[in-house]
Amino acid sequence: MKMIFIFIDGFGMGEADSDKNPIYRANTPALDYILKVGKVMATDACLGIPGLPQSATGQTSIFTGINAPEILGRHLHGQPTVSLKRLINKNNLFMELLRRGLKVTNANAYRAEYLNKMLDPKERKFRPSVTTVMTLASGLNCRTVEEYKLGKGVYHDITSKILVEGGYVENTISPEKAAQRLFNISREYDFTMFEHFMTDIIGHKMDMEEAVLEIELLDTFLGALIRFVNLDEDVIFITSDHGNIEDITVKTHTFNKVPTVILGRADRIASVKVETLVDVMPAVLKIFETSI
């Protein structure tokens, strides 16, 4: 069995109100299908701690199975601090999968100068994300733009528009092509992770038109990926760290639960439960144990 793990930052379960929720204004045939046929679990991102859920603690909870905001006593935004890095470095999802003899990869491509600045201990602006810390702590390589040019990486914005605007590559790719790349990469690994965080960035802008375009881009990408993957054999696991884009009437994150959706054979996922973010890592491990 192979699993493709899609982490979508800032994607909550909001009201069915097209005036505030771009998901209900956008054309989303793939998301409609995913929610119809997948195992959908409303997942708590607050984790019993007052305040709005945030990325650093939410993602640490997802990828370590530990209630990070409970340990800190608060929700923490942005990138992980030393204390959160300590949790990730001690144990994380990649490490656990590798211990089981599975092949693991982070499919996201990184710009070289970003990697260099991120690894500089004196640098304060470009700090590594939770998934990047996890990748490095597990002894895995971060994919470069050079690998991206060879078709061996996917940029976080899906189409690589940011790489084109920065002069790193000449042309964007379609969301269908990005899905094909991710699928091709996943054929070489047991577990392939892809992180997309434009949903969170755009959610903060409170721009309905831009949010609708983002949702439709993501929908096209996911729809293509589902067509490539044989769900009788493999699993697609989708989750998020907190709400945001589902309510563009507020500039902040939301208290909404996030969707955890698993697509694949029922005998592998039937008993899986994801009630809070800390259940994500155990759920992934359970699916792999069931498949052995």
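These legends accompany close-up views of a predicted model.

**View 1. Helix α10 against helix α12.**
Helix α10 spans residues 175-186 and helix α12 spans residues 208-228. Their axes come within 8 Å and cross at roughly 45°. Angles between 115 and 145 degrees, or between 35 and 65, count as oblique, so α10 and α12 are oblique to each other. The crossing of α10 past α12 is right-handed. On the α10 side, the contact is made by Pro175, Glu176, Ala178, Ala179, Gln180, Leu182 and Phe183. On the α12 side, it is made by Leu217, Thr220, Phe221, Ala224, Leu225, Arg227 and Phe228. By class, this contact of α10 with α12 holds ten nonpolar, two polar and two charged residues.

**View 2. Helix α1 against helix α12.**
Helix α1 covers residues 29-37. Its axis lies 7 Å from that of α12, and the packing angle is about 60°. The pair α1 and α12 is therefore oblique. Pro29, Ala30, Leu31, Tyr33 and Ile34 are the α1 residues of this contact. They meet Ile215, Asp219, Leu222, Gly223 and Ile226 of α12. The residues of the contact of α1 with α12 comprise eight nonpolar, one polar and one charged.

**View 3. Helix α2 against helix α7.**
Helix α2, residues 55-64, packs with α7 at an angle of about 40°. The two axes are 9 Å apart. The angle makes α2 oblique to α7. From α2, Ala56, Gln59, Thr60 and Phe63 make the contact. From α7 come Val130, Thr131 and Met134. The contact of α2 with α7 divides into four nonpolar, three polar and no charged residues.

**View 4. Helix α7 and its covering.**
Helix α7 runs over residues 130-137. It is mostly covered, with six of its eight residues buried. Those buried residues are Val130, Thr131, Thr132, Val133, Met134 and Thr135. Among them, Val130, Thr131 and Met134 also take part in the contact with α2. Gly139 follows α7. The phi of Gly139 is positive, near 80°.

Thr81 sits in the loop between α3 (68-72) and α4 (82-90). Its relative accessible area is 26%. In sequence, Thr81 and Val130 are 49 residues apart. In space, their C-alpha atoms are 9.6 Å apart. Val130 is one of the buried residues of α7.

**View 5. His77 in the loop between α3 and α4.**
His77 is placed in the loop between α3 and α4. The relative accessibility of His77 is 57%. Exposed means over 50%, so His77 counts as exposed. Leaving aside neighbours within four places in sequence, His77 is in contact with Gln54, Ser55 and Ala56. Ala56 is also one of the α2 residues in the contact with α7. His77 and Lys103 are 26 residues apart in sequence. Their C-alpha atoms are 31 Å apart in space.

**View 6. Leu47, with a positive phi.**
Leu47 lies in the loop between β2 (39-43) and α2. Its phi is positive, about 60°, although Leu47 is not a glycine. Leu47 has 8% relative accessibility. Buried means under 20%, so Leu47 counts as buried.

**View 7. Ile158, with a positive phi.**
Ile158 is located in the loop between α8 (145-149) and α9 (161-165). Its phi is near 80°, a positive value in a residue other than glycine. With a relative accessible area of 0%, Ile158 is buried.

**View 8. Cys46 and Cys142.**
Cys46 has a relative accessible area of 15% and is buried. Cys142 is buried too, at 11%. A disulfide needs a pair of cysteine sulfur atoms within 2.5 Å. By this rule, the model has zero disulfides.

Notes: Residues numbered from 1 in each chain as written. Predicted model: local features only at pLDDT ≥ 70, side-chain atom pairs only at ≥ 80, totals over all residues. Heavy atoms only, no water. Axes fitted to C-alpha atoms, helices over the stretch in contact; angles between N-to-C directions. Helix = DSSP H or I, 4+ residues; strand = E, 2+ residues; numbered from the N terminus. Left-handed = near helix turned anticlockwise from the far one by under 90°. Contact = heavy atoms within 4.5 Å. Nonpolar A, V, L, I, M, F, W, Y, C, P; charged D, E, K, R; others polar. Buried < 20%, exposed > 50% of the residue type's maximum accessible area, 1.4 Å probe, protein only.
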